[in-house]
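Please examine the sequence and the structure shown here before reading on.

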Amino acid sequence: MHTILGANGIIGEELAKELRANYTDKIKLVGRNPQKVHPDDMVCKADLFHIEDVHRALENTEIAYMTIGLPYTSEVWLRDWVRIMELIIEGCKKQNCKLVYFDNTYMYPQDAALQKEDTPMHSSGKKGRGKKLAAELLLKTIAKKELEALICRAPEFYGPGKTKGFTNTLVFEALKKGKKPKVFLNDRVVRTLIYTPDASRAMALLANTPDAYAQTWHLPCDDNRLTYKQFMAEISSQLGRKVKYTVLNSITLRILALVHPMIKETKELFPRYQIDNIFDSSKFKARFPDFEVTTYAEGIREILRDYGIK
């Protein structure tokens, strides 16, 4: 049994599709209100902050995938990421199942240095510190050989379907509504984005590769990174019309943060939008050279089609 903990988001949904297509027909989807992706999926309603629910969710599990999302507030992330990691580690130990943890890059320093698997976790923000504590707990558990596990790490999302991320929200959802897209702070620095179906495919591949365990992996992204200026130019080219957009400067963002909760909760990430963001996935690409990474042009084309933007 392959069990997806936190199966309602885009990563869990795409992961379920990939697992059924290539690895197993025994899939359990776990969440507060889990929905089947395939008619044959098992569903398990659970509150993963209760250890009894964790144990019940992991019954008969061979591999558990942790794709949980928490409310996007700093205090919750600082308090609850390590708490839920403790419970899931305990559950996996009892069940004697493997754990595959889907992580992000919030714990990395807010600078332009190349981000690799061994980049020090030195974030000063509360969200970054929360993710750091959770990752460190799992790494210690792995080092003690108490659990067979691995960490999959991804940068900012973009993608079709239910993908949530600043690029989807500020660019594609705005276009879908006939509004002018917006970008944060600087449209002339390069960004590394990961196409969400690629992230789930790569996660499934790592989970089903025995020698990938006891390691951290950066999930694969297109190395031909774009600035937001180039990203918007590609959208314009594909739509056959000039797409105008607004760059939100620091003064505007400070004002918006006073009245917009999501902008306020994003403040600790703003330094990253003023500098190049270089997330390196060469380790994965060297180990899996046949994995086909979606290019930015291909990803943009698919999102425009999925959103019905013309």
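This is a predicted model: local features need pLDDT of at least 70, side-chain atom pairs count only at pLDDT 80 or more; totals for chains, interfaces and linings use all residues.

Asp80 is buried, its relative accessible area being 5%, whereas Arg83, at 37%, is partly exposed. A network of salt bridges links Arg79, Asp80 and Arg83.

## Other salt bridges

Lys116 and Asp280 also form a salt bridge, at 3.1 Å from N to O. This pair connects distant parts of the chain, 164 residues apart: Lys116 lies in the loop between strand S5 (98-103) and helix H4 (126-143), and Asp280 in the loop between helix H9 (261-266) and helix H10 (282-287). Lys116 is partly exposed at 31% relative accessibility, while Asp280 is buried at 13%.

In helix H1 (residues 10-22), Glu14 and Lys17 are three residues apart, and the closest N and O atoms of their salt bridge are 3.9 Å apart. The whole structure contains 21 salt bridges.

## The protein as a whole

The protein comprises 11 helices and 13 strands. Its radius of gyration is 19 Å, close to the 19 Å given by the globule rule for 310 residues, so the protein is as compact as a globular protein of that length. Of the 310 residues, 57% are buried.

The protein carries 48 positive and 39 negative side chains, and the centres of these two sets are 7 Å apart.

Key: Residues are numbered from 1 along each chain as its sequence is written. Side-chain values use heavy atoms; hydrogens and water are left out. Helices (H or I, at least four residues) and strands (E, at least two) are DSSP runs, numbered from the N terminus. The radius of gyration is taken over C-alpha atoms; the globule rule is 2.2 Å times the number of residues to the power 0.38. Buried means under 20% relative accessible area, exposed over 50%, partly exposed in between (1.4 Å probe, protein chains only). Lys and Arg count as positive and Asp and Glu as negative; His and the chain ends are not counted. The place of a charge is taken as NZ of Lys, CZ of Arg, CG of Asp or CD of Glu. A salt bridge is a side-chain nitrogen of Lys or Arg within 4 Å of a carboxyl oxygen of Asp or Glu.
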